Amino acid sequence: MGYNLVIDQGNSTAKVALFEGDTLVDYQRHEHLLPGHLEEIVGDRHIDAAIYCSVTHHGEDIVVSLRTIADRVYELTSMLPLPVSIGYTTPTTLGRDRIAAVAGAQALYPGKSVLVVDAGTAITYDRLTADGEFAGGNIAPGLWMRAEALHSMTSRLPYVDVETGGDVPLWGTDTVNAIKAGVVRGAIGEITYYRSLLPDDAIVVLTGGDASRLAPLLECEAEVEPMLVCKGLNSILKYNEHH
C-alpha cells in the first residue's frame, strides 16, 4: 500500500500531512509552502494520491510539483466527487476548507449529526446531517478579528490578545477583561446557540487555531480535532479511488 499526501493551505499557514490508510504518519506546518517541502516530507515513499486544498490562491507551483511525486493528483473543488452531499445554493462559492472539514466529520462520525466549528481567522459553523449532507452553515469573525475590530474601529479601546491563555471572566471589571470576556464568551455563546438547534445526540467538533481556547469553556460536550481538514482531505482521496 502506498501513501496519500494532503495539503491544507489556510489563510496563515499550510498543513501538509501524509497518511497510510487512515493513519497519520507524518505532518508539517509551513508559513510559506514551497515544492521542496513536499519532497522533504515524502522522502522515498510511494505516493498513490495527493490533494491540494487552498482558501487563499491557486498554488500552481505546488500542483505541478505534486504531479511529479504522486500517481493521482486532485485539487479540491465542489465539482470533485465527495463523500458528503452539498446542500448549498452556491457550491462554487463554498470554502474548500469547509467542504474538507465536513468530510472529516463524516469520516470520524458516520451516521451522526455534527456541528463542525472551525475557529480560525474566521469562525465557521457548519451542519452535517446524520445522512451525510452538508446542510449549510454560517460564517462569523474569529477571535483575533473581533479583538482587532474593537481596537481599530474605535478611538479608545485597546487591542487585547484574546487568543492566548489566561482565565476568561464571566463579567469584565476592567476594559481589558471586558473585551476578553466579550470576545471569547461571545463565540462560546454562538457555539452553544447553534448546538441547541441540532438533535439531542448531535456531536460538536472543533478545529482551527482557537479550538483549544474555546473548548474548555463550553458547557456542552465537544471534541477537539486539530487535523479535521486533513483527515477530510484524506477521506476525499479514498472516496475518489473508487469514483
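Is C220 buried, exposed or partly exposed? In this predicted model, C220 is partly exposed, with a relative accessible area of 24%.

View 1. Five elements each contribute at least two residues to the lining: the strands β1 (3–9), β7 (114–119) and β8 (122–128), together with the helices α3 (96–108) and α6 (211–214). By residue class, the lining of the largest pocket comprises 13 polar, nine charged and nine nonpolar residues.

**View 2. Helix α7 spans residues 228–240.** From the first C-alpha to the last, the 13 residues of α7 reach 18 Å, close to the 18 Å expected at 1.5 Å a residue. Because 10 of these 13 residues are buried, α7 is largely enclosed by the rest of the structure. The buried positions in α7 are L228, V229, C230, G232, L233, N234, S235, I236, L237 and N240.

**View 3. The cysteine C53 takes part in no disulfide.** The model as a whole contains zero disulfides. For C53, the nearest cysteine sulfur belongs to C230 and lies 9.0 Å away, whereas a disulfide requires the two sulfur atoms to be within 2.5 Å. C53 has a relative accessibility of 0% and therefore counts as buried. C230, a residue of helix α7, is likewise buried.

**View 4. The cysteine C220 is partly exposed.**

Note on methods: Residues numbered from 1 in each chain as written. Predicted model: local features only at pLDDT ≥ 70, side-chain atom pairs only at ≥ 80, totals over all residues. Heavy atoms only, no water. Helix = DSSP H or I, 4+ residues; strand = E, 2+ residues; numbered from the N terminus. Nonpolar A, V, L, I, M, F, W, Y, C, P; charged D, E, K, R; others polar. Expected span 1.5 Å × (residues − 1). Buried < 20%, exposed > 50% of the residue type's maximum accessible area, 1.4 Å probe, protein only.
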